[in-house]
Amino acid sequence: MVLRNKMQAIPLTHLPTLEHLEVRGRRVLLRVDFNDGGAAEGASAIPHRLEASLPTLQWLLERGARVGILTHRGRPQGRVVPSLSTAPLAAALSPLVGQPIGFVPDCIGRVAQQAMADLAPGAAVMLENTRFHLGEQLNQAPFVAQLAQVGEMLVNDAFACAHRTQASTNGLAALLPTALGRQFVQELRWLEQWRTAPAPRAMLVGGNAVLPKLELLQHCLSGTAKAEILLLGGVVGQTFLAAKDLHLRQSLIEFGAVESARSLLAEAGVLGCRVHLPRDFVVADRATPGLVAGVRKPHQLEPNETAQDLGPQTVAVWERILQDTPSVLWFGSVGVWQQAAFRAGLEALAKALLARQRRQPGVVLLAGNGLLQALTAGGLAAPLAAAGIALSTGGGALQQALTSHSLPGVQAVARPAKP
(Lines give C-alpha, C1' and ligand atoms only; values in the text may rest on other atoms or scores of the structure.)
Protein backbone atom coordinates (compact mmCIF):
# COMPACT_ATOMS: atom_id res chain seq x y z
CA MET A 1 0.00 0.00 0.00
CA VAL A 2 1.38 3.38 -0.98
CA LEU A 3 0.42 6.90 0.02
CA ARG A 4 1.01 9.09 -3.03
CA ASN A 5 1.64 12.81 -2.86
CA LYS A 6 3.61 15.45 -4.71
CA MET A 7 6.65 15.07 -2.50
CA GLN A 8 7.25 11.35 -2.85
CA ALA A 9 5.53 7.99 -2.56
CA ILE A 10 5.68 6.80 1.05
CA PRO A 11 4.84 3.14 1.65
CA LEU A 12 2.55 2.87 4.64
CA THR A 13 4.74 0.06 5.93
CA HIS A 14 7.59 2.58 6.21
CA LEU A 15 5.67 4.80 8.59
CA PRO A 16 6.15 4.15 12.34
CA THR A 17 3.14 2.71 14.16
CA LEU A 18 2.43 1.97 17.82
CA GLU A 19 4.24 -1.34 17.64
CA HIS A 20 7.50 0.55 17.05
CA LEU A 21 7.41 2.04 20.55
CA GLU A 22 8.10 0.52 23.96
CA VAL A 23 5.78 2.61 26.10
CA ARG A 24 5.61 0.89 29.49
CA GLY A 25 6.27 3.43 32.21
CA ARG A 26 7.21 6.09 29.68
CA ARG A 27 5.76 9.59 29.40
CA VAL A 28 3.88 9.56 26.09
CA LEU A 29 2.40 12.66 24.51
CA LEU A 30 -0.68 11.66 22.52
CA ARG A 31 -1.61 14.30 19.94
CA VAL A 32 -5.27 14.11 18.97
CA ASP A 33 -7.65 16.53 17.32
CA PHE A 34 -10.63 17.17 19.57
CA ASN A 35 -11.19 20.62 18.10
CA ASP A 36 -14.82 21.67 18.01
CA GLY A 37 -14.15 25.29 17.16
CA GLY A 38 -15.11 26.25 20.69
CA ALA A 39 -18.74 25.35 20.18
CA ALA A 40 -21.07 26.30 22.99
CA GLU A 41 -22.01 22.64 23.41
CA GLY A 42 -18.43 21.90 24.38
CA ALA A 43 -17.25 18.36 23.79
CA SER A 44 -20.74 17.13 22.90
CA ALA A 45 -20.25 18.56 19.42
CA ILE A 46 -17.42 16.18 18.51
CA PRO A 47 -18.22 12.69 19.85
CA HIS A 48 -16.91 11.07 16.65
CA ARG A 49 -13.45 12.55 17.27
CA LEU A 50 -13.44 11.50 20.91
CA GLU A 51 -14.44 7.96 20.00
CA ALA A 52 -11.92 7.77 17.15
CA SER A 53 -9.09 8.34 19.66
CA LEU A 54 -10.11 5.46 21.94
CA PRO A 55 -8.26 2.55 20.24
CA THR A 56 -4.93 4.38 20.48
CA LEU A 57 -5.50 5.75 23.97
CA GLN A 58 -6.63 2.41 25.35
CA TRP A 59 -3.68 0.63 23.70
CA LEU A 60 -1.30 3.00 25.47
CA LEU A 61 -3.04 2.72 28.84
CA GLU A 62 -3.23 -1.08 28.70
CA ARG A 63 0.54 -1.18 28.15
CA GLY A 64 1.33 1.01 31.12
CA ALA A 65 2.12 4.29 29.39
CA ARG A 66 1.77 7.56 31.27
CA VAL A 67 -0.23 9.58 28.77
CA GLY A 68 -0.49 13.33 28.32
CA ILE A 69 -3.18 14.20 25.76
CA LEU A 70 -2.47 17.19 23.53
CA THR A 71 -5.05 18.95 21.39
CA HIS A 72 -6.03 22.40 20.23
CA ARG A 73 -9.44 23.98 20.43
CA GLY A 74 -10.65 27.00 18.51
CA ARG A 75 -8.44 29.86 17.37
CA PRO A 76 -7.28 31.74 20.47
CA GLN A 77 -4.24 33.16 18.60
CA GLY A 78 -1.81 32.50 21.45
CA ARG A 79 -4.07 33.96 24.14
CA VAL A 80 -5.63 32.17 27.11
CA VAL A 81 -9.37 32.07 26.37
CA PRO A 82 -11.23 30.27 29.19
CA SER A 83 -14.11 29.26 26.92
CA LEU A 84 -11.61 27.36 24.75
CA SER A 85 -10.08 25.36 27.58
CA THR A 86 -9.70 21.61 27.09
CA ALA A 87 -11.04 20.91 30.59
CA PRO A 88 -14.52 19.94 29.27
CA LEU A 89 -12.86 17.48 26.91
CA ALA A 90 -11.24 15.66 29.83
CA ALA A 91 -14.64 15.35 31.48
CA ALA A 92 -16.24 14.07 28.27
CA LEU A 93 -13.48 11.55 27.59
CA SER A 94 -13.39 10.01 31.07
CA PRO A 95 -16.57 7.89 30.82
CA LEU A 96 -15.58 6.70 27.35
CA VAL A 97 -12.22 5.45 28.63
CA GLY A 98 -13.69 4.04 31.81
CA GLN A 99 -11.34 5.87 34.15
CA PRO A 100 -10.80 9.48 35.24
CA ILE A 101 -8.82 11.68 32.87
CA GLY A 102 -7.22 14.47 34.87
CA PHE A 103 -6.80 18.02 33.63
CA VAL A 104 -3.57 20.04 33.63
CA PRO A 105 -3.92 23.84 33.21
CA ASP A 106 -0.98 24.13 30.81
CA CYS A 107 0.76 22.01 28.21
CA ILE A 108 4.32 23.17 28.96
CA GLY A 109 6.36 24.31 31.94
CA ARG A 110 6.76 23.07 35.47
CA VAL A 111 3.07 22.35 36.04
CA ALA A 112 2.81 20.08 32.98
CA GLN A 113 6.14 18.39 33.65
CA GLN A 114 5.23 17.63 37.26
CA ALA A 115 1.80 16.33 36.31
CA MET A 116 3.35 13.87 33.88
CA ALA A 117 6.02 12.83 36.37
CA ASP A 118 3.35 12.12 39.00
CA LEU A 119 1.19 10.00 36.68
CA ALA A 120 0.93 6.31 37.48
CA PRO A 121 1.49 3.86 34.62
CA GLY A 122 -1.78 3.30 32.81
CA ALA A 123 -3.16 6.75 33.65
CA ALA A 124 -3.77 9.83 31.49
CA VAL A 125 -4.25 13.56 31.78
CA MET A 126 -5.59 16.17 29.38
CA LEU A 127 -3.13 19.02 28.89
CA GLU A 128 -4.38 22.53 28.24
CA ASN A 129 -5.07 23.90 24.76
CA THR A 130 -1.83 23.96 22.76
CA ARG A 131 -3.00 27.07 20.90
CA PHE A 132 -2.93 29.11 24.08
CA HIS A 133 0.73 29.47 23.04
CA LEU A 134 1.59 31.31 19.84
CA GLY A 135 4.47 28.91 19.24
CA GLU A 136 2.05 26.07 18.44
CA GLN A 137 0.75 27.31 15.09
CA LEU A 138 4.06 28.95 14.20
CA ASN A 139 5.97 25.76 15.05
CA GLN A 140 8.52 27.81 16.98
CA ALA A 141 11.60 25.97 18.20
CA PRO A 142 11.52 27.29 21.82
CA PHE A 143 7.93 26.11 22.25
CA VAL A 144 8.72 22.75 20.67
CA ALA A 145 11.62 22.32 23.10
CA GLN A 146 9.32 23.07 26.04
CA LEU A 147 6.79 20.51 24.82
CA ALA A 148 9.55 17.92 24.42
CA GLN A 149 10.44 18.33 28.11
CA VAL A 150 6.95 17.16 29.09
CA GLY A 151 7.12 13.77 27.37
CA GLU A 152 9.57 11.16 26.17
CA MET A 153 7.64 9.95 23.11
CA LEU A 154 5.01 11.26 20.70
CA VAL A 155 2.06 9.36 19.27
CA ASN A 156 0.35 11.38 16.55
CA ASP A 157 -3.27 10.34 16.08
CA ALA A 158 -4.42 13.74 14.78
CA PHE A 159 -5.03 12.99 11.12
CA ALA A 160 -7.33 16.01 10.96
CA CYS A 161 -4.24 18.17 11.55
CA ALA A 162 -2.03 16.35 9.06
CA HIS A 163 -2.24 19.18 6.52
CA ARG A 164 -0.73 21.65 9.01
CA THR A 165 2.82 22.10 10.26
CA GLN A 166 2.46 22.62 14.00
CA ALA A 167 4.72 22.39 17.01
CA SER A 168 2.81 19.56 18.70
CA THR A 169 2.90 17.44 15.54
CA ASN A 170 5.77 18.20 13.19
CA GLY A 171 8.00 20.00 15.66
CA LEU A 172 7.84 17.26 18.27
CA ALA A 173 8.30 14.53 15.67
CA ALA A 174 11.76 15.94 14.97
CA LEU A 175 12.78 15.71 18.65
CA LEU A 176 11.02 12.67 20.11
CA PRO A 177 10.59 9.04 19.04
CA THR A 178 7.28 9.18 17.17
CA ALA A 179 4.61 6.82 15.89
CA LEU A 180 1.25 7.19 14.19
CA GLY A 181 -1.84 6.18 16.13
CA ARG A 182 -4.54 3.74 15.08
CA GLN A 183 -6.94 6.37 13.65
CA PHE A 184 -4.21 8.12 11.65
CA VAL A 185 -3.18 4.84 10.03
CA GLN A 186 -6.80 3.91 9.39
CA GLU A 187 -7.38 7.22 7.62
CA LEU A 188 -4.44 6.55 5.30
CA ARG A 189 -5.87 3.12 4.48
CA TRP A 190 -9.25 4.64 3.68
CA LEU A 191 -7.60 7.11 1.33
CA GLU A 192 -5.86 4.34 -0.55
CA GLN A 193 -9.08 2.33 -0.74
CA TRP A 194 -10.82 5.29 -2.37
CA ARG A 195 -7.99 5.83 -4.84
CA THR A 196 -8.23 2.21 -5.96
CA ALA A 197 -12.03 1.91 -5.65
CA PRO A 198 -13.92 0.40 -8.59
CA ALA A 199 -15.74 2.67 -11.04
CA PRO A 200 -18.16 4.24 -11.37
CA ARG A 201 -17.32 6.44 -8.43
CA ALA A 202 -19.68 9.08 -7.07
CA MET A 203 -18.59 12.07 -5.03
CA LEU A 204 -21.20 14.04 -3.09
CA VAL A 205 -19.79 17.44 -2.15
CA GLY A 206 -21.63 19.87 0.12
CA GLY A 207 -20.93 22.26 2.95
CA ASN A 208 -20.69 26.02 3.09
CA ALA A 209 -17.12 26.79 1.98
CA VAL A 210 -17.11 26.64 -1.81
CA LEU A 211 -13.75 28.14 -2.79
CA PRO A 212 -11.66 25.57 -0.84
CA LYS A 213 -13.60 22.76 -2.56
CA LEU A 214 -13.01 23.96 -6.11
CA GLU A 215 -9.60 22.29 -6.30
CA LEU A 216 -11.11 19.07 -4.99
CA LEU A 217 -13.81 19.24 -7.66
CA GLN A 218 -11.17 19.86 -10.32
CA HIS A 219 -9.39 16.68 -9.21
CA CYS A 220 -12.72 14.86 -9.37
CA LEU A 221 -12.73 15.51 -13.10
CA SER A 222 -9.23 14.44 -14.05
CA GLY A 223 -6.95 14.12 -11.03
CA THR A 224 -6.21 11.67 -8.25
CA ALA A 225 -9.73 11.97 -6.79
CA LYS A 226 -11.36 11.17 -10.13
CA ALA A 227 -15.09 10.52 -10.00
CA GLU A 228 -17.51 9.77 -12.81
CA ILE A 229 -20.52 11.21 -10.95
CA LEU A 230 -20.73 14.45 -8.97
CA LEU A 231 -23.62 15.33 -6.65
CA LEU A 232 -23.37 18.94 -5.43
CA GLY A 233 -25.44 20.11 -2.47
CA GLY A 234 -25.40 22.72 0.25
CA VAL A 235 -23.91 26.12 -0.63
CA VAL A 236 -21.69 24.32 -3.13
CA GLY A 237 -24.72 23.14 -5.11
CA GLN A 238 -26.44 26.52 -4.80
CA THR A 239 -23.34 28.28 -6.14
CA PHE A 240 -23.23 25.92 -9.13
CA LEU A 241 -26.91 26.62 -9.80
CA ALA A 242 -26.07 30.32 -9.77
CA ALA A 243 -23.40 29.52 -12.37
CA LYS A 244 -26.27 28.31 -14.56
CA ASP A 245 -27.92 31.72 -14.10
CA LEU A 246 -30.60 30.50 -11.70
CA HIS A 247 -31.60 33.08 -9.08
CA LEU A 248 -32.08 31.47 -5.68
CA ARG A 249 -33.34 34.63 -3.97
CA GLN A 250 -32.08 34.80 -0.37
CA SER A 251 -30.18 31.49 -0.51
CA LEU A 252 -26.49 31.46 0.37
CA ILE A 253 -24.25 31.75 -2.69
CA GLU A 254 -20.46 32.16 -2.82
CA PHE A 255 -20.37 34.68 -5.62
CA GLY A 256 -16.58 34.70 -5.85
CA ALA A 257 -16.76 31.06 -6.98
CA VAL A 258 -19.47 31.40 -9.62
CA GLU A 259 -17.17 31.85 -12.64
CA SER A 260 -14.99 28.91 -11.58
CA ALA A 261 -18.13 26.83 -11.11
CA ARG A 262 -19.25 27.73 -14.61
CA SER A 263 -15.90 26.59 -16.02
CA LEU A 264 -16.01 23.34 -14.07
CA LEU A 265 -19.48 22.55 -15.40
CA ALA A 266 -18.26 23.07 -18.96
CA GLU A 267 -15.19 20.89 -18.37
CA ALA A 268 -17.28 18.15 -16.78
CA GLY A 269 -19.44 18.06 -19.90
CA VAL A 270 -16.39 17.63 -22.12
CA LEU A 271 -14.90 14.89 -19.92
CA GLY A 272 -18.14 12.97 -19.55
CA CYS A 273 -18.52 13.46 -15.80
CA ARG A 274 -22.19 13.56 -14.83
CA VAL A 275 -22.97 16.51 -12.55
CA HIS A 276 -26.21 16.42 -10.56
CA LEU A 277 -27.44 19.67 -9.00
CA PRO A 278 -30.48 20.04 -6.72
CA ARG A 279 -33.79 19.85 -8.60
CA ASP A 280 -35.83 21.21 -5.71
CA PHE A 281 -35.42 22.59 -2.21
CA VAL A 282 -37.18 22.69 1.11
CA VAL A 283 -37.28 26.42 1.77
CA ALA A 284 -37.87 28.83 4.62
CA ASP A 285 -38.97 32.45 4.69
CA ARG A 286 -36.23 34.81 5.77
CA ALA A 287 -38.53 36.20 8.48
CA THR A 288 -39.08 32.72 10.01
CA PRO A 289 -35.88 30.79 9.18
CA GLY A 290 -36.67 27.85 11.43
CA LEU A 291 -39.98 27.00 9.80
CA VAL A 292 -40.60 25.11 6.54
CA ALA A 293 -42.28 27.40 4.02
CA GLY A 294 -42.67 24.77 1.32
CA VAL A 295 -40.89 22.93 -1.48
CA ARG A 296 -39.70 24.89 -4.51
CA LYS A 297 -37.92 24.32 -7.80
CA PRO A 298 -34.75 26.46 -8.05
CA HIS A 299 -36.51 29.01 -10.26
CA GLN A 300 -39.63 29.16 -8.08
CA LEU A 301 -38.29 30.61 -4.83
CA GLU A 302 -40.17 33.65 -3.59
CA PRO A 303 -38.22 36.90 -3.03
CA ASN A 304 -37.85 36.37 0.73
CA GLU A 305 -37.19 32.62 0.64
CA THR A 306 -33.97 30.72 1.21
CA ALA A 307 -33.04 27.13 0.36
CA GLN A 308 -32.58 25.13 3.55
CA ASP A 309 -32.55 21.48 2.50
CA LEU A 310 -32.69 19.21 -0.54
CA GLY A 311 -36.21 18.70 -1.81
CA PRO A 312 -37.92 15.29 -2.12
CA GLN A 313 -37.40 14.99 -5.89
CA THR A 314 -33.65 15.61 -5.51
CA VAL A 315 -33.42 13.15 -2.64
CA ALA A 316 -35.24 10.44 -4.61
CA VAL A 317 -32.90 10.80 -7.61
CA TRP A 318 -29.76 10.95 -5.49
CA GLU A 319 -30.85 7.93 -3.42
CA ARG A 320 -31.03 5.84 -6.59
CA ILE A 321 -27.61 7.03 -7.71
CA LEU A 322 -26.01 6.23 -4.36
CA GLN A 323 -27.66 2.83 -4.17
CA ASP A 324 -26.42 1.89 -7.65
CA THR A 325 -22.83 3.21 -7.34
CA PRO A 326 -20.20 0.88 -5.84
CA SER A 327 -17.84 3.63 -4.64
CA VAL A 328 -18.99 6.80 -2.86
CA LEU A 329 -17.18 9.67 -1.18
CA TRP A 330 -19.42 12.15 0.63
CA PHE A 331 -17.63 15.33 1.70
CA GLY A 332 -19.60 18.01 3.57
CA SER A 333 -23.16 18.34 4.76
CA VAL A 334 -26.28 19.19 2.79
CA GLY A 335 -29.04 21.27 4.32
CA VAL A 336 -29.12 23.41 7.45
CA TRP A 337 -28.64 20.29 9.55
CA GLN A 338 -28.45 22.18 12.85
CA GLN A 339 -32.25 22.46 12.66
CA ALA A 340 -34.07 19.13 12.68
CA ALA A 341 -36.66 20.43 10.20
CA PHE A 342 -33.94 20.71 7.55
CA ARG A 343 -31.99 17.52 8.22
CA ALA A 344 -34.34 15.16 6.37
CA GLY A 345 -32.48 15.20 3.06
CA LEU A 346 -29.14 14.41 4.63
CA GLU A 347 -30.59 11.62 6.76
CA ALA A 348 -32.45 10.08 3.81
CA LEU A 349 -29.25 9.93 1.75
CA ALA A 350 -27.33 8.44 4.68
CA LYS A 351 -30.00 5.77 5.14
CA ALA A 352 -29.84 4.96 1.43
CA LEU A 353 -26.09 4.43 1.72
CA LEU A 354 -26.59 2.31 4.82
CA ALA A 355 -29.14 0.08 3.09
CA ARG A 356 -26.90 -0.30 0.03
CA GLN A 357 -23.87 -1.13 2.17
CA ARG A 358 -25.76 -3.82 4.05
CA ARG A 359 -27.04 -5.29 0.80
CA GLN A 360 -23.83 -5.05 -1.22
CA PRO A 361 -20.75 -3.61 0.53
CA GLY A 362 -18.65 -1.10 -1.39
CA VAL A 363 -16.08 1.60 -0.73
CA VAL A 364 -17.92 4.41 1.09
CA LEU A 365 -16.08 7.28 2.79
CA LEU A 366 -17.86 10.08 4.65
CA ALA A 367 -15.99 13.19 5.77
CA GLY A 368 -16.41 16.74 7.01
CA ASN A 369 -17.01 17.89 10.55
CA GLY A 370 -20.49 19.25 9.79
CA LEU A 371 -21.54 16.01 8.10
CA LEU A 372 -20.27 13.87 10.97
CA GLN A 373 -21.97 16.08 13.54
CA ALA A 374 -25.23 15.87 11.60
CA LEU A 375 -25.03 12.08 11.37
CA THR A 376 -24.30 11.86 15.08
CA ALA A 377 -27.21 14.17 15.91
CA GLY A 378 -29.49 11.95 13.84
CA GLY A 379 -28.27 8.74 15.47
CA LEU A 380 -26.83 7.46 12.19
CA ALA A 381 -23.08 7.61 12.79
CA ALA A 382 -22.88 4.37 14.78
CA PRO A 383 -24.99 2.25 12.36
CA LEU A 384 -23.00 3.58 9.39
CA ALA A 385 -19.69 2.68 11.02
CA ALA A 386 -21.00 -0.73 12.04
CA ALA A 387 -21.91 -1.40 8.39
CA GLY A 388 -18.33 -0.78 7.30
CA ILE A 389 -18.75 2.80 6.09
CA ALA A 390 -15.65 4.89 6.82
CA LEU A 391 -16.27 8.00 8.94
CA SER A 392 -13.22 10.19 8.52
CA THR A 393 -12.14 12.71 11.15
CA GLY A 394 -10.41 14.74 8.46
CA GLY A 395 -11.70 17.85 6.73
CA GLY A 396 -8.90 19.93 5.31
CA ALA A 397 -6.42 17.06 5.70
CA LEU A 398 -8.55 14.67 3.68
CA GLN A 399 -9.17 17.29 1.03
CA GLN A 400 -5.45 18.03 0.74
CA ALA A 401 -4.63 14.34 0.47
CA LEU A 402 -7.27 13.84 -2.23
CA THR A 403 -5.89 16.71 -4.27
CA SER A 404 -2.49 15.02 -4.33
CA HIS A 405 -0.66 17.44 -2.08
CA SER A 406 1.80 16.17 0.50
CA LEU A 407 0.64 15.94 4.10
CA PRO A 408 3.18 17.55 6.47
CA GLY A 409 2.03 15.24 9.27
CA VAL A 410 3.02 12.21 7.20
CA GLN A 411 6.26 13.71 5.93
CA ALA A 412 7.30 14.53 9.50
CA VAL A 413 7.16 10.96 10.76
CA ALA A 414 8.65 9.53 7.56
CA ARG A 415 11.90 11.35 8.29
CA PRO A 416 14.25 9.90 10.91
CA ALA A 417 14.07 11.73 14.23
CA LYS A 418 17.00 13.79 15.34
CA PRO A 419 19.16 12.24 18.08
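How many of the 5 residues of strand E4 (residues 66-70) are buried? The count is 5 of 5, so defined that buried means under 20% relative accessible area, with exposed over 50% and partly exposed in between (1.4 Å probe, protein chains only). The model is predicted: local features need pLDDT of at least 70 and side-chain atom pairs count only at pLDDT 80 or more, while totals for chains, interfaces and linings use all residues. Residues are numbered from 1 along each chain as its sequence is written, and side-chain values use heavy atoms, with hydrogens and water left out.

Helices (H or I, at least four residues) and strands (E, at least two) are DSSP runs, numbered from the N terminus. Both faces of E4 are covered: Arg66, Gly68 and Leu70 are buried on one side, and Val67 and Ile69 on the other. Two strands pair if DSSP finds at least two bridges between them. E4 pairs with strand E3 (residues 27-31) in the parallel sense over 5 bridges, and Leu30 stands opposite Ile69. E4 is also joined to strand E6 (residues 124-127), again parallel, by 3 bridges. There, Val125 in E6 is the bridge partner of Gly68.

**Helix H1**

Helix H1 (residues 47-62) has 16 residues and reaches 22 Å from its first C-alpha to its last, close to the expected 22 Å; the expected span is 1.5 Å times one less than the number of residues. H1 has a kink of about 40° at Leu54, shortly before the proline Pro55. This bend is the angle between axes fitted to the seven residues ending there and the seven starting there. Of the 16 residues in H1, 12 are buried, among them Leu50, Leu54, Leu57 and Leu61. Just after H1, Gly64 takes a positive phi of about 80°.

H1 packs against helix H2 (residues 87-97) at an angle of about 65°, with the axes 10 Å apart. Axes are lines fitted to C-alpha atoms, for helices over the stretch in contact, and angles run from 0 to 180 degrees between N-to-C directions. Contact means heavy atoms within 4.5 Å. The H1 residues that meet H2 include Leu50, Leu54, Leu57 and Leu61, and on the H2 side Ala92, Leu93, Leu96 and Val97 take part.

**The sheet around E15**

An open sheet of 6 strands has the order E11-E10-E9-E15-E16-E17, with parallel pairing. Its edge strands, E11 (274-276) and E17 (390-391), each pair on one side only. E15 (residues 327-331) contains Ser327, which is buried with a relative accessible area of 0%. Ser327 touches residues including Trp194, Arg201 and Val363, not counting residues up to four places away in sequence. E15 and E16 (residues 363-367) pair in the parallel sense over 5 bridges, and Val364 in E16 is the bridge partner of Val328.

| Helix | Strands touched or crossed | Angle |
|---|---|---|
| H12 (residues 344-359) | E9, E15 and E16 | about 155° with E15 |

**Helix H9**

Helix H9 (residues 234-243) is largely enclosed by the rest of the structure, because 10 of its 10 residues are buried. The cover over these residues includes strands E9 (201-205) and E10 (229-232) and helices H8 (211-222) and H10 (258-271). Just after H9, Asp245 takes a positive phi of about 65°.
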